[in-house]
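Here's a quick briefing to read alongside the coordinates.

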Amino acid sequence: MKFLSISFQTASYNAPFFTTWFCTNWEILYFPVYFICQSARIKCNTPSEIIAESLRGFRDKGFTGGRFLIRCSLFCGLWVVTNYMYIYSLRILLATDVMALFATNVSCVYLLSWVILHEQFVGVRIVAVILCNTGIALLAYMDGITGSPTLGGVVLATSAAAGSAVYKVLFKKVIGETTFGQMSLFFSLIGLCNAALLWPICLALYFSGAESIHWGRLPWTALLSASILHLVANMLGNFSIALTYDLFITLGLITAVPVSAALDVLLYGAHFMGMKLAGMIFIAVGFFLVMFPDNWPDYITRLLRNIVLMSHSSRWSRRHGHGVSGGTQRDVIDYRTGYIKSHLRSPSGRVR
């Protein structure tokens, strides 16, 4: 009976934009969490110094108060649109499909970084982009093109990946390098802009019937859990750079796919075969190729050179160190009898 009640409660809730708005509001806690952590340190600054240090970096970059708030509002809109498309695609596709498609944002980030940030061109990453696009095409047509909403879900998830890439590259271009305090303040302002500016859209969608919300039967457990996990995941993704390499954090995108696939199989009886499986494999291969370092040919050349040197060294030691025919091995002396390994003397030292 309890399961039927939860199913009815979930079925009566159909509000992807309200979900996005609700989860984004929790970004306000970014700077308070950072403030508490900084204040709890043994050698801590005063609260005013912590806030001043976070604002000083933006002032040094030439941002005035109004200009900075406008930038925050623009990034807030991009953030909400990206997350809205991601959440909406979950209504159509399995979570594994959506996460695999969202992992293609690394290839989008490379293309935009190459064009906008003028980063180094790496040929293998172009191959990775082609593989990712092939995987997207396979997932788009895995259920056919007639009478199936799969194509629309794939377009939404891919658009969310592209939006995430645009957000990351524009942040690098407009904001630049930031400290943890500046990043925390920036995300908290995004949450404030979301809460203050976008609530009329939630009301408009509700009164127009575009989203179905029964306020007395809201799935608070699911909403609060999703919001907390969303906040924790973003904090770990941004703050873990101080503890580990950025490469390991990015790999979390692709390692979440098999975990999600196992849950989809257990909970929903999903099957991964045919074009769906092939598309995910193409995306995974493209993902790892994008993660190749810029100077990967140098690493391969160095590895091959070491292999060749080790091979030559092994052959030389076999010829000169272990007595291959020709008498090239150094004579062994037995100090007890004076025997030198020779065809002219016996083991007792006498001349034969």
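A residue counts as buried when its relative accessible area is under 20%. Keep that cut-off handy, and bear in mind that this is a predicted model.

**Cysteines**
- How many disulfides does a search of the whole structure find? The count comes out at 0.
- Cys72 isn't in a disulfide, and its nearest cysteine sulfur, on Cys193, sits 5.7 Å away. A disulfide would need the two sulfur atoms within 2.5 Å.
- Cys72 has 0% relative accessibility, so it falls in the buried class.
- Cys108 is in no disulfide either: the nearest cysteine sulfur belongs to Cys132, 8.1 Å off.
- With a relative accessible area of 23%, Cys108 is partly exposed.

**Helices H2 and H12**
- Packed helix pairs are described by the angle and the distance between their axes.
- For H2 (residues 16-25) and H12 (residues 220-239), the axes come within 9 Å and cross at roughly 50°.
- That makes H2 and H12 oblique to each other, and the crossing is right-handed.
- On the H2 side, the contact uses Phe18, Thr19, Phe22 and Cys23. Facing them from H12 are Trp220, Leu223, Leu224, Ala226, Ser227 and His230.
- Sorted by class, the contact of H2 with H12 has 7 nonpolar and 3 polar residues, with no charged ones.

**Helix H6**
- H6 spans residues 95-102 and is mostly covered, with 6 of its 8 residues buried.
- Which residues of H6 are buried? They are Thr96, Asp97, Val98, Ala100, Leu101 and Phe102.

Conventions: Residues numbered from 1 in each chain as written. Predicted model: local features only at pLDDT ≥ 70, side-chain atom pairs only at ≥ 80, totals over all residues. Heavy atoms only, no water. Buried < 20%, exposed > 50% of the residue type's maximum accessible area, 1.4 Å probe, protein only. Helix = DSSP H or I, 4+ residues; strand = E, 2+ residues; numbered from the N terminus. Axes fitted to C-alpha atoms, helices over the stretch in contact; angles between N-to-C directions. Parallel < 35°, antiparallel > 145°, perpendicular 65-115°, else oblique. Left-handed = near helix turned anticlockwise from the far one by under 90°. Contact = heavy atoms within 4.5 Å. Nonpolar A, V, L, I, M, F, W, Y, C, P; charged D, E, K, R; others polar.
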